[in-house]
Amino acid sequence: MSVLNPLKPSERMKIPRQESIEQSANDRSRNFLEVSFGLNEERARVEATRCLECKNPICTEGCPVEIDIRSFIQAILQKDYLGAVKKIREANSLPAICGRVCPQEEQCEAVCTLGKKNPAVAIGKLERFVADYEMENNLFSVPEISIRREGKVAIVGSGPSGLTCAAELAKLGYKVTIFEALHAVGGVLRYGIPEFRLPRKILDLETERIKALGVEIITNFVVGRTATIDEFFGEWGFSAVFLGTGAGSPHFMGIPGESASGVYSANEFLTRVNLMKAYQFPDYDTPIRAGKRVAVIGGGNTAMDAVRTAKRLGAEKAHLVYRRSKKEMPARVEEVHHAEQEGIEFLLMTNPVRILTDGQNWVVGMECQRMELGEPDDSGRRKPVPIPGSNFVIDIDTVIEAVGQAPNPIIQATTPGLKIGKKGVVVTDESQRTSRDGIFAGGDLSRGGATVILAMRDGKLAAAAIHEYLSRKQTNHEDDSPLYTNSYCQYIS
Amino acid sequence: MFPILGKEQLSPTITKFVVHAPYIARKRQAGNFVIVRVIETGERIPLTIAEGDSDEGSITLIVQAVGKTTKLLCSKEIGDQLVDVVGPLGNPTEIAKDSVVACIGGGVGTAELYPITKALHEHNNKIYTIIGARNKDLIILESEMAECSDHLFVTTDDGSYKRKGLVTHQLKDLLDAQVEIDAVYAIGPLPMMKAVSQLTEHYGIKTYVSLNAVMVDGTGMCGGCRVSVDGQMKFACVDGPEFDGHEVDFDELMKRNRTYVDFEQEADRTYCEAHKSRVVA
Ligand SMILES: Cc1cc2nc3c(=O)[nH]c(=O)nc-3n(C[C@H](O)[C@H](O)[C@H](O)COP(=O)(O)OP(=O)(O)OC[C@H]3O[C@@H](n4cnc5c(N)ncnc54)[C@H](O)[C@@H]3O)c2cc1C
Ligand SMILES: Cc1cc2nc3c(=O)[nH]c(=O)nc-3n(C[C@H](O)[C@H](O)[C@H](O)COP(=O)(O)OP(=O)(O)OC[C@H]3O[C@@H](n4cnc5c(N)ncnc54)[C@H](O)[C@@H]3O)c2cc1C
Ligand code: SF4
Ligand code: SF4
Ligand code: FES
């Protein structure tokens with residue numbers, strides 16, 4: 001028992017888990033404002049008292065970036081919210097984002113000791129609470145960077161892996177430049193995850209913080225096209241490169257009718273809405289055919305975001321078509337729950353076989369097939385198999401496919417010697433080193449589709465490995481060729 | 001930001017811009033394009049890089065005002081800035097060497113064809129060029145094309161300039177006159193590229209077309225630009241934009257390109273109403 005929290009463990013266990021304050025399902029399914037307002041101070045403090053302050057805080061092991069969870073919760077007990085967020089920032093530079101989108105239920109909260117018999121401590125919600133506190137009160141201070149180190153590092157891609165790697169290296173004193181293909185920073189956080197789950201204000205603020213560390217960000221720059229990695233090492237004068245280009249190339253199912261007008265990949269649909277703000281047409285110029293009767297295919301976070309977005313854009317019917325049962329859905333539990341509350345209709349154990357079109361190639365329906373679970377496949381999940389004669393047609397005008405994605409091959413194709421693995425991922429060792437000297441990679445590019453926090457973890461590990469690599473290079477500097485040349489520095493400083 | 005360094009009116013609706021984009025100028029090759037966003041609230045549109053000057057750090061874009069975004073762009077002046085220009089995107093054109101080729105440009109497609117014709121010329125090809133448009137006003141780059149071609153033919157649909165008729169009429173005459181052509185490069189409106197491809201298929205001549213699918217990112221991320229080529233799904237921005245014209249499903253693409261017509265008309269109408277005095281034709 002700690003001095004901060006006089007309650008006995010048995011008493012703590014009796015306190016119910018505190019819930020976020022949320023917009024009603026009816027209101028929010030018609031707007032793009034954030035669904036959840038998080039915990040207020042009172043609830044956060046009650047929630048913090050539930051923590052058992054374990055001697056062996058196993059929760060930290062469940063967190064991919066190993067946040068000292070017990071200590072930050074103790075700071076909340078002391079009302080030292082700034083201290084709490086500082087504790088988190090030691091391990092995680094994007095707490096307001098992770099507190100919102102991390103699959104906590106599978107990570108820190110999945111192993112929490114309290115969670116064995118009772119609902120686990122709402123670690124993610126507490127993380128968000130203190131991060132929001134810092135933001136709302138404008139308390140973030142840029143860490144002092146005391147040393148400047150030799151060596152410039154290029155970061156390719158501004159998703160969570162790239163942003164994290166950049167921040168860590170900048171704090172170590174390196175000169176860092178991020179190159180981003182799109183006109184805006186954030187990767188999936190910008191173009192994929194919708195505003196109603198992650199307000200853009202947060203992303204903009206985090207970007208500003210990374211810039212405040214001295215990191216330079218160049219947008220509209222497609223590495224592999226605008227310049228190649230080998231040019232980065234040559235004329236651009238970079239000594240190391242981190243690749244965090246994600247897995248942005250969408251898959252299609254390969255069923256008839258996919259070329260119709262009204263069929264989108266989830267990437268296109270979400271990009272038009274989130275990045276290009278098509279929902280504000282004609283104030284913004286990018287159009288979108290949102291549809292009145294929409295079917296989204298898939299069961300992951302992407303599918304959930306697409307179907308909830310379609311609903312917000314005015315769909316009268318928004319279906320989610322998934323070939324297994326709800327239990328197998330890869331999406332976060334909270335998101336599935338929110339989608340159900342918002343009136344999304346789940347067509348489970350159902351697989352599309354054909355998109356029906358009219359003479360002008362517009363979507364007018366989709367033929368589906370009922371499935372049943374058969375023998376377990378390689379992944380151990382029972383494989384869905386079609387039930388003969390079960391075909392039926394759903395009446396829809398828009399189809400959005402969220403059936404997975406692969407790394408974009410532009411960099412791999414223009415960087416000789418980079419080892420590529422299954423499904424186009426870049427192969428790395430456990431320190432995020434690729435097959436080429438000085439090139440590191442992480443996030444979805446090396447994992448296929450994963451999560452924000454795993455991308456951040458890779459970015460952190462890569463920063464450490466780059467630091468090690470450059471330090472070693474510095475000491476051997478004498479017998480090595482010159483570390484960098486200056487011919488293109490004019491462009492990047 | 002990408003400042004406009006030069007502007008020239010090539011026809012009432014077609015404008016040439018020189019834009020400061022130093023990285024792109026160094027890397028661009030014939031057949032590459034850029035994605036441009038004119039203003040913060042604007043959409044991303046693809047435009048071919050007509051020329052590049054790596055010393056000056058500039059690229060040339062030739063734009064036909066057809067809808068809101070291109071009209072807005074054409075209203076920009078020297079010194080104005082484009083918020084985003086990204087590239088060079090797409091695969092460069094496969095440039096033949098020491099052979100006989102026909103280059104066929106329709107409307108503003110001639111601007112897209114120009115860098116390719118120039119590259120073909122530099123690789124010692126014998127070039128028959130045919131440029132066509134609806135009327136005289138829409139014929140662009142005639143002297144530039146003449147400079148890099150061995151023979152130049154011009155057609156207009158209405159006969160207001162040079163030969164009355166379609167580019168395919170001229171091409172068919174050449175082929176029937178037993179001119180030995182090894183390959184055809186055709187860029188223009190989809191119906192034109194389709195007609196050229198049908199004609200050359202009959203004669204068994206390899207034909208490259210450049211597909212103007214609707215694009216968003218231009219880097220292979222959205223799949224919006226997908227086209228059917230030889231029954232396979234391809235992304236025009238990264239697998240193209242050039243494809244074998246005999247394998248392209250033009251009818252499908254023409255239908256797909258109509259996906260947003262009503263939005264485009266609305267955007268165009270509101271833009272024109274708000275900018276009555278400044279808008280070109
Ligand atoms: C719709 C959606 C919802 C999701 N929801 C969640 C969630 O709730 N929780 C969660 O943990 N995870 C979620 N994920 C997964 C998570 O977003 C990703 O795992 C994570 O963003 C991967 O980060 P990254 O840094 O590897 O790459 P990305 O975020 O994909 O960023 C890659 C960046 O690199 C840029 N790039 C690509 N190629 C080049 C190039 N050649 N040159 C320059 N730049 C380039 C891209 O434009 C992009 O900005 C979701 C994913 C999607 C698509
Ligand atoms: C690879 C490529 C290279 C091109 N090069 C040139 C060029 O050098 N010069 C030039 O004048 N035009 C070029 N275009 C066409 C140009 O992109 C369109 O004219 C422009 O996008 C129209 O936008 P708008 O708002 O003015 O007109 P809108 O009224 O919005 O559209 C008019 C028509 O343009 C097409 N279009 C609309 N939006 C897009 C988009 N985002 N991407 C592609 N096509 C679209 C559609 O077919 C539409 O029906 C090129 C297109 C492609 C795909
Ligand atoms: S970053 Fe994610 S896993 Fe780690 S403590 Fe926060 S919510 Fe849990
Ligand atoms: S495991 Fe759970 S109860 Fe124990 S310290 Fe961590 S959050 Fe608190
Ligand atoms: S424009 Fe998005 S994939 Fe081609």
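**Ligands, cores and rings**

Around ligand 3 we find C63(A), P64(A), I67(A), I69(A), N92(A), C98(A), C102(A), Q104(A), Q107(A), C108(A), E127(A) and I453(A). Before I go on, please keep in mind that this is a predicted model. Sorted by class, the shell of ligand 3 has eight nonpolar residues, three polar and one charged.

Ligand 4 has its own surroundings: C51(A), L52(A), C54(A), I58(A), C59(A), C112(A), T113(A), V121(A) and I123(A). How do the residues of that shell divide by class? Eight are nonpolar, one is polar and none is charged.

Now to I69(A), which was in the list for ligand 3. Leaving out residues up to four places away in sequence, I69(A) touches C59(A), T60(A), C63(A), C108(A) and I123(A). Two of these, C63(A) and C108(A), are also in the shell of ligand 3, while C59(A) and I123(A) are in the shell of ligand 4.

In soluble globular proteins, nonpolar side chains tend to be buried together. Which residues have the most contacts inside the largest nonpolar core here? They are I69(A), F72(A) and I97(A), and the core has 44 residues. In chain A, the elements that contribute two or more residues to this core are α3 (41-50), α5 (69-77), α6 (81-89), α7 (95-101), α9 (123-136), α12 (200-212) and α19 (452-475). Another core lies apart from this one; it has 40 residues, including F252(A), I35(B), L175(B) and F250(B).

Let me stay with α5(A) for a moment. Its buried residues are I69(A), F72(A), I73(A), A75(A), I76(A) and L77(A). They are covered by elements of chain A including α3, α4 (59-62), α6, α8 (108-111) and α9. After α5(A) comes K79(A), with a positive phi near 65 degrees.

Helix α9 of chain A also holds E134(A). Is E134(A) buried or exposed? It counts as buried because its relative accessible area is 2%, and the cut-off for buried is under 20%. Beyond its neighbours within four places in sequence, E134(A) touches L82(A), V85(A), R89(A), L139(A), F140(A) and R209(A). From E134(A) to T475(A) there are 341 residues along the chain, and their C-alpha atoms are 40 Å apart.

For contrast, take R293(A), in strand β9 of chain A. R293(A) has 27% relative accessibility and so counts as partly exposed. Apart from residues within four places in sequence, the contacts of R293(A) are K317(A), D395(A), I396(A), D397(A) and T398(A). R293(A) and I69(A) are 224 residues apart in sequence, with 44 Å between their C-alpha atoms.

Next, the aromatic rings. A pair of aromatic rings is described by the distance of the centres and the angle of the planes. Over all chains the count is 20 aromatic pairs. One of them is F221(A) with Y23(B), which is edge-to-face, at 5.0 Å centre to centre and 65 degrees between the planes. This pair crosses between chains: F221(A) is in the loop between β5 (216-218) and α13 (229-233) of chain A, and Y23(B) is in helix α1 (residues 22-27) of chain B. Both residues, F221(A) and Y23(B), are buried.

A further edge-to-face pair is F281(A) with F263(B), at 5.2 Å centre to centre and 75 degrees between the planes. It also crosses between chains, from the loop between α14 (266-275) and β9 (293-297) of chain A to helix α9 (residues 261-274) of chain B. F281(A) and F263(B) are both buried.

F221(A) and Y23(B) also belong to one aromatic cluster, together with F179(A), F232(A), W236(A) and F238(A). K152(A) lies over the face of F238(A), at 4.8 Å from the ring centre.

Last, the backbone. Most residues other than glycine have a negative phi, and most peptide bonds are trans. What is the peptide bond from F281(A) to P282(A), cis or trans? It is cis, with omega near 5 degrees. The bond from G240(B) to P241(B) is cis as well, with omega near 10 degrees.

N220(A) has a positive phi, near 55 degrees, and sits in the loop between β5 and α13 of chain A. N220(A) is buried, with a relative accessible area of 6%. In chain B, N124(B) has a positive phi near 65 degrees, but N124(B) is exposed, with a relative accessible area of 55%.

Conventions:
Residues are numbered from 1 along each chain as its sequence is written. Chains are lettered from A and ligands numbered from 1 in the order in which they are written. This is a predicted model: local features need pLDDT of at least 70, side-chain atom pairs count only at pLDDT 80 or more; totals for chains, interfaces and linings use all residues. Side-chain values use heavy atoms; hydrogens and water are left out. Rings of Phe, Tyr and Trp (its six-membered ring) pair if their centres lie within 6.5 Å; planes under 30 degrees apart count as stacked, over 60 as edge-to-face and the rest as tilted. Helices (H or I, at least four residues) and strands (E, at least two) are DSSP runs, numbered from the N terminus. Buried means under 20% relative accessible area, exposed over 50%, partly exposed in between (1.4 Å probe, protein chains only). A charge sits over a ring if NZ of Lys or CZ of Arg is within 6 Å of the ring centre and within 35 degrees of the ring normal. A residue is near a molecule or strand if one of its heavy atoms lies within 4 Å of it. Ala, Val, Leu, Ile, Met, Phe, Trp, Tyr, Cys and Pro count as nonpolar, Asp, Glu, Lys and Arg as charged, and the others, Gly among them, as polar. A nonpolar core is a set of buried Ala, Val, Leu, Ile, Met, Phe, Trp, Tyr and Cys residues joined through side-chain atoms within 4.5 Å. Contact means heavy atoms within 4.5 Å.
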